[in-house]
Amino acid sequence: MKIDVSHFLDTFLQESAEHLSTIESGLLKLNTAPGDSELLNGIFRAAHSIKGGAGAFGLTHVVKLTHALESLLDLMRNGEAKATPESTALMLQAADFLKVLTASRDAECPAGMDETIAALEALAAHTTQSPAKAVSGAPANSSAPPKKAPEADYRVIFAPEQDLFASGCNPLLLLRNLAQVATVLSTKLEAKNLPALDRLDTSCCHLAWEVTVRTANPVSDLREVFEFVEDQARVEITPLVELPVAVSAGPVRVETAAVPDKAARGESSIRVATEKIDKVIDLVGEMVIAQAMTSELVEKFSADNHDRLKECVSTLERCIRELHERTMSVRMLPVGTIFSRFQRLVHDLAQKTGKKIALVTAGEDTEVDRGVLEMLGDPLTHLIRNSADHGVETPAERVALGKCETGTIALSASNLGGNILVEIEDDGGGLDLERIREKAIAKGLISASSEISDDQIRLLIFEPGFSTRNEVSDISGRGVGMDVVRRNVAALNGSINVFSQQGQGTTVRILLPLTLAIMDGLIVRVSTHRFVLPLTSIIETIAIREDQVINIAGKGEAVRVRDEAIPFLRLQQMFHLEKVSREGDEEDLPQLAVVVERGSLKAALLVDELLGQQQLVVKNLEKNFRRIEGTLGATILGDGSAGLILDVGTLIESLSKADRTSKEIRPISLVA
Amino acid sequence: MVKTALIVDDSTTMRQMVAFTLREAGFEVVEAEHGQDALDKIAGRRINVVITDLNMPVMDGFTFIKNVRAMAALKFVPILMLTTESQLSKKEQGKAAGATGWIVKPFDPEKLLQTIAKVLP
């Protein structure tokens, strides 16, 4: 029997008109959004529907034309071809021909159609660099052209409603179909809604699935699997892609994507082991008891229970100290969380500069305060950029120097006493001290006649606006980096040091306190004021006599300690404080000096009295008052008065400056 | 084992097009002109897949699907309805009645077989 398809042909022609208007409006939108995949998919589907129907009705011209159109659109939606105004114009022309062909049952083949088909094929062939696909009348297989799109991972959540089985749907089949369009990486069954056996209704679906898949097919293929159950299930298909934030391109995509995610989450919340919290709560409990005992003893105070009171206070002290440590440990994060992002940075820099650079990291597990870690990111980025741009030589240069073609930048972290040491080491050309010196003279940072040590020359690179590069590269070299690095490190109460061997490489060492908020300090009296020196920067306190002080022309004073001349600073003069004469003041009486160090540089600070050691809570002065040069902030001392915390780094640097008068610290007045 | 498909459509052409395709693919095919006709023909038979039109005389597709679902032996049988793209509301109505999925008209034989493969255990 001859199959009469006339009834469906009319439906088909009518539908084709709808599809063609979709194609037409889509193509016009394509001009403004050439890569819009949703748009391209829409156009493709419409063309595909026309082709499918035309095949069933034997309309070979329509099939040919839509096939050519579809091939090009497929390349475009796979990102292999780009929509250009020319290709869009050509596709619009094809759509016009289709309109003519589907206008009526017995439409004639319009002239010029074959040329359009050829042009479409040529365009598709040109993009793929391969001969045009043979145009066949049969629509079969055309729906699955070979795809070369990169593979992507998706998380597919399929949570059907209970009545899924009632429509004859079989979750197992859906999962099987999913496995046909994508490689299943993992499947997780969610059975928490499964009722107890006695209440189990086997005609209801109680299960849900979470499937991780990898596929080069478009996400629409995954969606199509669940086409029939969209209204009966929660279907979520999420691409597991790398975030735009640069992270290391590790072998496992999912893992690297988790890193920035974790870091981003960390902004507002921290994951803390319950053990840590429990210990803190224990301590608080102990403190409450100690406090209650203390209160009672104070209430009924008599000379007899003085000793018990002292005991209680020392218990409180111990608790508070331990609580401090425990609380700080809650804020600790492994350094690795920021190290990971530098792999990508180095990779990109190496590509940009045409160098071969490997980044080696060590000590990622070293824990450091969250605040310190956040502020460490920028300085490290600058330093690594510097190493990659200025430090490591080009492969050709390296080979000529007898070095390995691939340069190495080593980034490491380790604990050093109460500090954390971060080192950035490269095996590049090292610092050219002579050039730095010349540049510094040219920039007027030092005078041509001044004699400064190599250490001091190295420190010059931290001066604002200093750069030895004549041309500015877009990676580094604007000379803004290093002084920012130093400022950030100083803000963290840390120190930075550069070691370099010309031709061998450069090592930058950053020493940072483990935590910012609380520090141990030595309280000293200068004139009528009390100052605090961070305990970590103090080497020793010494008694000196005035005759030990030597005057070095143009460089201020120094004090000789065990055959070493240490720059000498009278804090009383520096802060323009009134000189308070001591009882029975004699010229020859020994005076007290605190020897402090920052990096490899030392200074002896003259003070009037050492008052004691205390754990201090650092209060930011800039927020509450204004920045005072030479200080880190203020703290509240035991008697309730305020004391300035001295910034040893700034003080030492002000001493090592060739021209000391320009950096003299302005007088301050402090109201407690 | 040979699988049996039931095709329900009042249009002889459509019914025969589908039946031809399915027989070619190795199915045993039962043809029915409308819902009631189908219910009469399948009584006591093993059916693996049902393909039904929606607009039919005597008993329309929706009523037919509900009736099939009420039969213990066919409670979970896959049922595909024949519909056109423009009939979105029909899809929902059919799903509510118990249809498993749909085939959008017009379709080529390959698409038909693909869709059946999608729902056939």
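Two strands count as paired if DSSP finds at least two bridges between them. E2(A) and strand E3 (residues 208-215) of chain A meet that mark with seven bridges, running antiparallel. Keep in mind that this is a predicted model.

**The four-stranded sheet**

- Chain A has an open sheet built from four strands, lined up as E2-E3-E1-E4, with antiparallel pairing.
- At its edges sit strand E2 (183-190) and strand E4 (233-239) of chain A, and each of them pairs on one side only.
- From one strand to the next, the twist averages 15°.

**The five-stranded sheet**

- Another open sheet in chain A has five strands, in the order E6-E8-E9-E11-E10, and here the pairing is mixed.
- Strand E6 (357-362) and strand E10 (495-501) of chain A are the edge strands, each pairing on one side only.
- The twist in this sheet averages 15° from one strand to the next.
- Strand E8 (residues 407-416) and strand E9 (residues 419-426) of chain A run antiparallel and are joined by eight bridges.
- Within that pairing, Leu411(A) stands opposite Ile424(A) in E9(A).

**Helices lying across the five-stranded sheet**

- Helix H11 (residues 336-353) of chain A lies across E6 and E8 of chain A, and runs at about 170° to E6(A).
- Helix H12 (residues 370-391) of chain A lies across E6, E8, E9 and strand E11 (505-513) of chain A. Its angle to E9(A) is about 20°.

**A leucine to look up: Leu123(A)**

- You'll find Leu123(A) in helix H5 (residues 113-128) of chain A.
- Leu123(A) counts as buried because 20 other C-beta atoms lie within 10 Å, and the cut-off for buried is 20 or more.
- Setting aside neighbours within four places in sequence, Leu123(A) is in contact with Leu72(A), Ser87(A) and Leu90(A).
- Take Leu72(A) from that list: Leu72(A) and Leu123(A) are 51 residues apart in sequence, yet their C-alpha atoms are 7.4 Å apart in space.

Methods
Residues numbered from 1 in each chain as written. Chains lettered and ligands numbered in written order. Predicted model: local features only at pLDDT ≥ 70, side-chain atom pairs only at ≥ 80, totals over all residues. Helix = DSSP H or I, 4+ residues; strand = E, 2+ residues; numbered from the N terminus. Axes fitted to C-alpha atoms, helices over the stretch in contact; angles between N-to-C directions. Buried ≥ 20, exposed ≤ 12 C-beta atoms within 10 Å, placed from the backbone. Contact = placed C-beta atoms within 7 Å.
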